[in-house]
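Dear colleague,

Please find below the structure that I am handing over to you. My findings follow after it.

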Amino acid sequence: MKVQGRHYRTIWVPQGEDSVLVIDQTQLPHRFVIARLTTHQEVAQAISRMVVRGAPLIGAAAAYGVWLGMRSDASADHLTKVTETLLATRPTAVHLRWAR
């Protein structure tokens, strides 16, 4: 998408940063707001609050949420905790469960 002549993706990782940026879908079309997500909990909230919408974007956000969650603790137990948190955001998002 282009905003004021600048190209934006709906979700991206800024070069050299440990965060994910998303266009806040709840603000469109009246405002263009970029949200910075730095933890898997923030990604889960963004999915729950519909900051990110649509199956492909929800799936991408969840994948980035796993990446953010695993940066602090790469254990199998933590992976289970992170994925359970993300899966709980949208019980009807069956593709999140399939991709697990």
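Glu42 touches Arg36 and Leu37, leaving aside residues up to four places away in sequence. Please keep in mind that this is a predicted model. Glu42 is found in helix 1, and its side chain reaches the backbone nitrogen of Thr38 at 2.5 Å. Along the chain, Glu42 and Leu68 are 26 residues apart, while their C-alpha atoms are separated by 9.7 Å.

Leu68 is also one of the residues touched by Val43.

Val43 belongs to the largest nonpolar core, which has 18 residues. Those with the most contacts inside this core include Val43, Val22, Ala61 and Leu86. At least two residues of the core come from each of strand 4, strand 5, helix 1, helix 2 and helix 3. The largest share, five residues, is supplied by helix 2.

Strand 4 deserves a separate paragraph. In a regular strand, side chains alternate between the two faces of the sheet. From strand 4, Val20 and Val22 point one way and Leu21 and Ile23 the other way, and all are buried. Strand 4 runs antiparallel to strand 3, to which two bridges join it; Leu21 is the bridge partner of Trp12. Four bridges join strand 4 to strand 5, also in antiparallel fashion, and Val22 stands opposite Ala35 there.

Yours sincerely

Key. Residues are numbered from 1 along each chain as its sequence is written. This is a predicted model: local features need pLDDT of at least 70, side-chain atom pairs count only at pLDDT 80 or more; totals for chains, interfaces and linings use all residues. Side-chain values use heavy atoms; hydrogens and water are left out. A nonpolar core is a set of buried Ala, Val, Leu, Ile, Met, Phe, Trp, Tyr and Cys residues joined through side-chain atoms within 4.5 Å. Buried means under 20% relative accessible area, exposed over 50%, partly exposed in between (1.4 Å probe, protein chains only). Contact means heavy atoms within 4.5 Å. A polar contact is a pair of N or O atoms within 3.5 Å; within protein, one must be able to donate a hydrogen and the other to accept it, and residues adjacent in sequence count only if both atoms are side-chain atoms. Two strands pair if DSSP finds at least two bridges between them.
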